[in-house]
Amino acid sequence: MTASEEGSVEKDRRFRAGRALAAVLLLVVAGLFSLGSAAEGPAELNSDYAYLCGYVARAESPGRFSRDGLLGEEGRFAHYPPLYLAILRTAISVSGSETRAVGLLSFPVVASFLLGTWCLGRRLLRSEWGALAFALLSLPMSWVYPIEFWGFGGSYTVLARSLYTACLPWTLCLWWDSPGQRGAVLASFLVEDQVGRVYPARS
């Protein structure tokens, strides 16, 4: 192996090591976010999860809610796919509390969002460190007119529909890598469709 080839191999090794370090850093950030969410009290739960956790409590002890005006109706949660409710119910059972369950579920959502925006940033900026900064700067919550928000800022901002937020940068990466290809568009639609089977998008 010539000196130039050895230099190229060493440069590639450092490049790969830098990418691995960036990915680990983003996973650590997602883990810290998840731990912070799990440490919050029940009062920090957003209305979506308070509603869904009420369903889980009803599923565990239906007799206690027979006269409840909200939870007592059998068909109240019929528009929620059973898969997401089963995931939430399992998370609460494993973690032992609603807030810890939200923290547990927030890790894959936030991790997917961070890694996806990092990959999208690499395509847009053509810079590894610029992409890392792009991902980290995309995480904090910001309000989007009129009543929605983008990003995450605590357990109250991790909604069930945040699954779509987590998938969006990956969909954009797919489009970026396959310009004008019908298959890429169809594949992105398929991804969003499968997310919808876990949790329906709000109309």
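This short talk describes the nonpolar core and the nonpolar surface of one predicted model.

Good morning. Residues are numbered from 1 along each chain as its sequence is written, and side-chain values use heavy atoms, with hydrogens and water left out. Because the model is predicted, local features need pLDDT of at least 70 and side-chain atom pairs count only at pLDDT 80 or more, while totals for chains, interfaces and linings use all residues.

I begin with the interior. A nonpolar core is a set of buried (under 20% relative accessible area, 1.4 Å probe, protein chains only) Ala, Val, Leu, Ile, Met, Phe, Trp, Tyr and Cys residues joined through side-chain atoms within 4.5 Å. The largest such core has 21 residues, and Leu26, Val110, Leu114, Trp118, Leu139 and Phe152 have the most contacts inside it. Helices H1 (3–39), H4 (98–125), H5 (128–138) and H6 each give two or more residues to this core; helices here are DSSP runs (H or I) of at least four residues, numbered from the N terminus. H4 supplies the largest share, 8 residues. Another core, of 12 residues, lies apart from it and includes Tyr49 and Tyr84.

Leu168, Leu172, Trp175, Leu186 and Phe189 make a nonpolar patch of about 470 Å². Helices H6 (162–177) and H7 (182–198) each give two or more residues to the patch, and H6 gives the most, with 3.

How values were computed
Patches are made of residues with over 30% relative accessible area and no salt bridge: like charges are joined within 9 Å, nonpolar side chains (Val, Leu, Ile, Met, Phe, Trp, Tyr) within 5 Å. Accessible areas come from the Shrake-Rupley method with a 1.4 Å probe; for residues, only the protein chains shown count as cover. A salt bridge is a side-chain nitrogen of Lys or Arg within 4 Å of a carboxyl oxygen of Asp or Glu. Buried means under 20% relative accessible area, exposed over 50%, partly exposed in between (1.4 Å probe, protein chains only).
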